[in-house]
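Trainee: I am new to this structure. Please take me through the terms used for it, one by one.

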Amino acid sequence: MKILEVLLVHFGKFQNKRIRLEDGINIIYGENESGKSTIHTFIRGMLFGMERKRGRGSAYDAYSIYEPWDGPGQYAGVLRFESGGKTFRIERSFDKANKKAGLVCEDDGEKLSLEDGDLDALLDGLTAAGYENTISLGQMKARPDQSLGEALKEYATSCYAAEDGSLKPEQAIRFLLEQKKEVEKEIRTELGRRQQEREAVEQEASYVWRELHRFLEEEEEIRDRLRDEELREEKREEEHRRLVDELRPPRWRIHPLEILVLLAVMVAAFFLLPGPINYLVVIVIFFASSVYVWNRIKVGKGKKDPSTELIEELLPEEERVSGEKLSWELERVLREKKEKEIQYENLKEQLAEMSVAGASDQALEKRSRALSLAVDRMNELSEDFRDRLSRQLNEEASAIICSITGGIYQKMRVEEGLRMVLVKDGKRIATEQVSCGTAEQICFALRMAAAKILQEEAQPVILDDAFGNYDDQRLKATLRWLFEEKRQVLIFTCQKREIRALQEMGIPCNVIEI
């Protein structure tokens with residue numbers, strides 16, 4: 001970017017003050033209180049705006065300090081600049097009652113939007129903090145504040161991987177961490193769901209296990225009752241047999257003694273009676289005995305065995321069927337126990353399957369590990385970027401301080417917290433150990449080195465009485481370095497030593513007296 005012209009319509013002590021600037025070095029010369037710092041502040045306000053603070057601080061902020069001196073009026077200005085080969089114009093009204101801003105491309109008349117970031121794009125992302133800590137050096141503000149360190153860290157982790165800043169590790173890390181958080185949330189949700197399912201299955205398995213053991217206890221109880229019943233049955237049968245033996249009538253319906261008597265009668269008749277009558281008598285006695293025996297058998301055949309009646313009386317119907325009921329009950333218990341055993345085994349298999357991560361769980365775990373690995377790798381990459389940036393910053397600052405001091409100090413290091421040290425003959429020299437002028441030169445080297453790194457497009461360097469503590473040699477060396485950088489330089493000064501130094505070195509400059 002190159003500033004072409006500033007028009008202080010109504011700003012501080014100036015009204016309709018127009019200043020045209022050129023390439024290279026511009027010297028804005030004026031005595032004390034001539035308005036150099038006012039112009040310096042105006043440029044910043046045109047680029048980044050001016051906001052009035054609230055409360056007591058509003059009495060001493062830039063907005064209040066640079067309000068028009070001659071009473072109410074249009075608190076406004078215009079700044080023309082060149083960027084990307086085109087000319088643009090910023091118009092701002094700072095008045096709180098009529099605050100507005102506009103950006104126009106003078107080449108084609110296109111109106112751009114500050115709200116949409118068009119000016120930020122033209123300034124190559126240069127922020128107000130970056131402006132004040134690099135290319136703009138105010139009176140007695142040589143040392144940049146910690147926001148420069150933060151900007152360098154952010155740059156190291158956001159834009160250093162590629163020349164066009166296309167790879168932004170910090171954004172990538174944030175994205176990866178958000179993705180990892182989402183995956184972990186899914187894992188927790190899935191684990192919670194599976195835990196609920198597992199608890200439900202475990203609860204069901206516990207219930208089935210209790211039922212199974214209840215059936216086992218019932219089975220054992222029934223078997224005990226069956227064994228007791230069998231023992232009682234055996235005792236009853238033994239008692240029955242004893243009673244039957246005692247009460248059962250003879251097995252024969254005719255007593256054997258009667259048969260023996262009949263046989264004895266027939267033998268006696270055969271031998272005692274003379275023959276042949278004895279044959280006839282024996283035959284008659286035989287037939288009579290046969291008829292007697294037959295009638296006896298026929299008469300007893302239809303009678304019920306009294307032992308059977310006794311057994312039925314001793315063994316009631318309930319006792320006779322109790323054993324069958326127990327057997328049926330045992331079959332039922334065994335059947336239901338088998339069903340519970342199958343159900344319990346199925347639940348155990350289901351729990352075992354739940355213990356093994358499924359395909360979706362494995363995919364989530366794999367993705368989580370991949371994201372963790374990517375975050376670790378990006379952190380390593382960011383650390384590498386920071387190391388590279390630190391080396392580049394130290395190299396750039398060392399080259400600048402070497403040029404300014406004429407090689408007296410060839411190395412400079414910027415440590416954590418923007419602590420700056422010089423290295424000479426292997427020894428570290430802190431800024432507190434050098435003169436005020438050298439300390440300011442160290443800060444100048446840091447600012448210019450940071451500007452080279454942070455700003456892709458060369459921006460104007462604006463210096464407000466920055467060389468008061470420089471000796472003549474280092475002033476010339478600094479001016480020569482600025483000229484060789486091919487940047488536009490605005491030097492606000494109340495002395496003419498910069499002009500004389502440039503003339504002695506034959507370096508052209510545009511001198512503007514105010």
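**Terms put to the test**

Mentor: Strand 12, helix 13 (residues 472-484) and strand 13 form a right-handed β-α-β unit. Bear in mind that this is a predicted model: local features need pLDDT of at least 70, side-chain atom pairs count only at pLDDT 80 or more, and totals for chains, interfaces and linings use all residues. Residues are numbered from 1 along each chain as its sequence is written, and side-chain values use heavy atoms, with hydrogens and water left out.

Trainee: Why is the β-α-β unit called right-handed?

Mentor: Point the strands away from you; a crossover is right-handed if the path from the first strand over the helix to the second runs clockwise. The unit of strand 12, helix 13 and strand 13 is right-handed, so its path runs clockwise in that view.

Trainee: What makes something a strand or a helix here?

Mentor: Both are DSSP runs, numbered from the N terminus: helices are H or I with at least four residues, strands are E with at least two.

Trainee: How do you know that strand 12 and strand 13 pair?

Mentor: Two strands pair if DSSP finds at least two bridges between them. Four bridges join strand 12 (residues 461-464) to strand 13, so they pair. They run parallel. Asp464 has Phe492 as its bridge partner in strand 13. Strand 3 (residues 25-29) is also joined to strand 13, by five bridges, and these two run parallel. There, Ile27 has Ile491 as its bridge partner.

Trainee: What makes strand 13 mostly covered?

Mentor: Five of the five residues in strand 13 (residues 489-493) are buried. Buried means under 20% relative accessible area, exposed over 50%, partly exposed in between (1.4 Å probe, protein chains only). Val489, Ile491 and Thr493 point one way, Leu490 and Phe492 the other, and all are buried.

Trainee: Why is Ser83 called buried?

Mentor: Its relative accessible area is 7%, and the limit is under 20%, so Ser83 is buried. Ser83 lies in strand 4. It touches Phe88, Leu122 and Glu457, not counting residues up to four places away in sequence. Contact means heavy atoms within 4.5 Å.

Trainee: What makes strand 2 and strand 7 edge strands?

Mentor: The open sheet has six strands in the order 2-1-4-5-6-7, with antiparallel pairing. Strand 2 (14-20) and strand 7 (111-112) each have a single partner strand, so one side of each has no neighbour in the sheet. Strand 1 (residues 2-11) is joined to strand 2 by six antiparallel bridges. Leu7 stands opposite Arg18 in strand 2.

Trainee: Why is the pair of Phe11 and Phe42 called edge-to-face?

Mentor: Rings of Phe, Tyr and Trp (its six-membered ring) pair if their centres lie within 6.5 Å; planes under 30 degrees apart count as stacked, over 60 as edge-to-face and the rest as tilted. The structure holds 11 aromatic pairs. Phe11 and Phe42 are at 5.1 Å centre to centre with 75° between the planes, so the pair is edge-to-face. Phe11 lies in strand 1 and Phe42 in helix 1, so the pair ties together parts 31 residues apart in sequence.

Trainee: How do you know that Arg214 sits over the ring of Phe215?

Mentor: A charge sits over a ring if NZ of Lys or CZ of Arg is within 6 Å of the ring centre and within 35 degrees of the ring normal. The charged end of Arg214 is 4.6 Å from the centre of the Phe215 ring. Lys424 lies over the face of Tyr409, at 5.5 Å from the ring centre.
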